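Welcome, and thanks for taking a look at this one. Please have the sequence and the model open side by side as you read the notes below.

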Amino acid sequence: MGNYLTGLRQCDGLLSQVAMLGSHRKRIDPQATDFALGFIDAMKPEDAAEALILAQMAAIHQATMMLARRLNHVENISQQDAAERALNKLSRTFAAQMDTLKRYRTKGQQIVRVERVTVNEGGQAIVGNVEAQGRGDHNV
């Protein structure tokens, strides 16, 4: 029962944080909240860490879109430079978050797929997992 209650408290905390994403002062923006929650749900987090990464991604995406809108309506060069720098940083952050989520979901495993293998006459191919050993002395 303790894990269940802890999970509910964590979920409640995350919901509160996501609800405040699009808010201005104390007023909550239901569309921004629904967007963020919809994104998190669509990405199907499997644990709390994934839910948190996805919430951050939703927040970064919303900020990115706000800066893109702001960049389209600048009135001078300094506003343009500031919005452009911030937009660039946010875009890079989102890409890094995507990479982090991908690595987390694959548990750091790298998958190598060989598209084409040619085995010449007299040669042999191995299909399956191959583990390389170091070049140390081998007892034969």
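Axes here are lines fitted to C-alpha atoms, for helices over the stretch in contact, and angles run from 0 to 180 degrees between N-to-C directions. Helices (H or I, at least four residues) and strands (E, at least two) are DSSP runs, numbered from the N terminus. This is a predicted model, in which local features need pLDDT of at least 70 and side-chain atom pairs count only at pLDDT 80 or more, while totals for chains, interfaces and linings use all residues. Residues are numbered from 1 along each chain as its sequence is written, and side-chain values use heavy atoms, with hydrogens and water left out.

**Overall layout**

- The chain has 4 helices and 0 strands, and its pattern along the sequence reads α-α-α-α.
- Of the 140 residues in the chain, 16% are buried (buried means under 20% relative accessible area, exposed over 50%, and partly exposed in between, with a 1.4 Å probe and protein chains only).

**Helix H3 itself**

- H3 covers residues 48-71; its 24 residues reach 34 Å from the first C-alpha to the last, close to the 34 Å expected at 1.5 Å a residue (the expected span is 1.5 Å times one less than the number of residues).
- The buried residues of H3 include Ala 51, Ile 53, Leu 54, Ala 55, Ala 58, Ile 60 and Leu 67, and Gln 62 and Thr 64 are also among them.
- An α-helix has 3.6 residues a turn, so residues three or four places apart point the same way.

- Lys 44 sits in the loop between helix H2 (30-42) and H3.
- Its phi is near 50 degrees, a positive value in a residue other than glycine, and Lys 44 counts as exposed because its relative accessibility is 58%.
- Asp 47 caps the N-terminal end of H3, with a side-chain oxygen 3.2 Å from the backbone nitrogen of Ala 49 (a polar contact is a pair of N or O atoms within 3.5 Å; within protein, one must be able to donate a hydrogen and the other to accept it, and residues adjacent in sequence count only if both atoms are side-chain atoms).
- Glu 50 lies in H3 and has a side-chain polar atom 3.0 Å from the backbone nitrogen of Glu 46.
- Why does Glu 50 count as buried? Its relative accessibility is 3%.
- Glu 50 and Arg 105 are 55 residues apart along the chain, yet their C-alpha atoms are separated by 8.3 Å.

- Two packed helices are described by the angle between their axes and the distance between the axes.
- The axes of H2 and H3 come within 9 Å and cross at roughly 135 degrees, so these two helices are oblique to each other (angles under 35 degrees count as roughly parallel, over 145 as roughly antiparallel, 65 to 115 as roughly perpendicular and the rest as oblique).
- The crossing of H2 and H3 is right-handed (a crossing is left-handed if the near helix is turned anticlockwise from the far one by less than a right angle, and right-handed if clockwise).
- H3 and H4 (residues 77-105) pack at an angle of about 160 degrees, with axes 9 Å apart, which means that H3 is roughly antiparallel to H4.
- H3 passes H4 in a left-handed crossing.
- By class, the contact of H3 with H4 has 17 nonpolar, 8 polar and 3 charged residues (Ala, Val, Leu, Ile, Met, Phe, Trp, Tyr, Cys and Pro count as nonpolar, Asp, Glu, Lys and Arg as charged, and the others, Gly among them, as polar).

**Residues to find in the viewer**

- Met 57 is in H3 and counts as buried at 0% relative accessibility.
- From Met 57 to Ile 40, 17 residues away in sequence, the C-alpha distance is 8.8 Å.
- The C-alpha of Met 57 is also 9.7 Å from that of Ala 96, 39 residues away along the chain.
- Ala 96 belongs to H4 and, at 41% relative accessibility, counts as partly exposed.
- Ala 59 has its place in H3 and counts as partly exposed at 24% relative accessibility.
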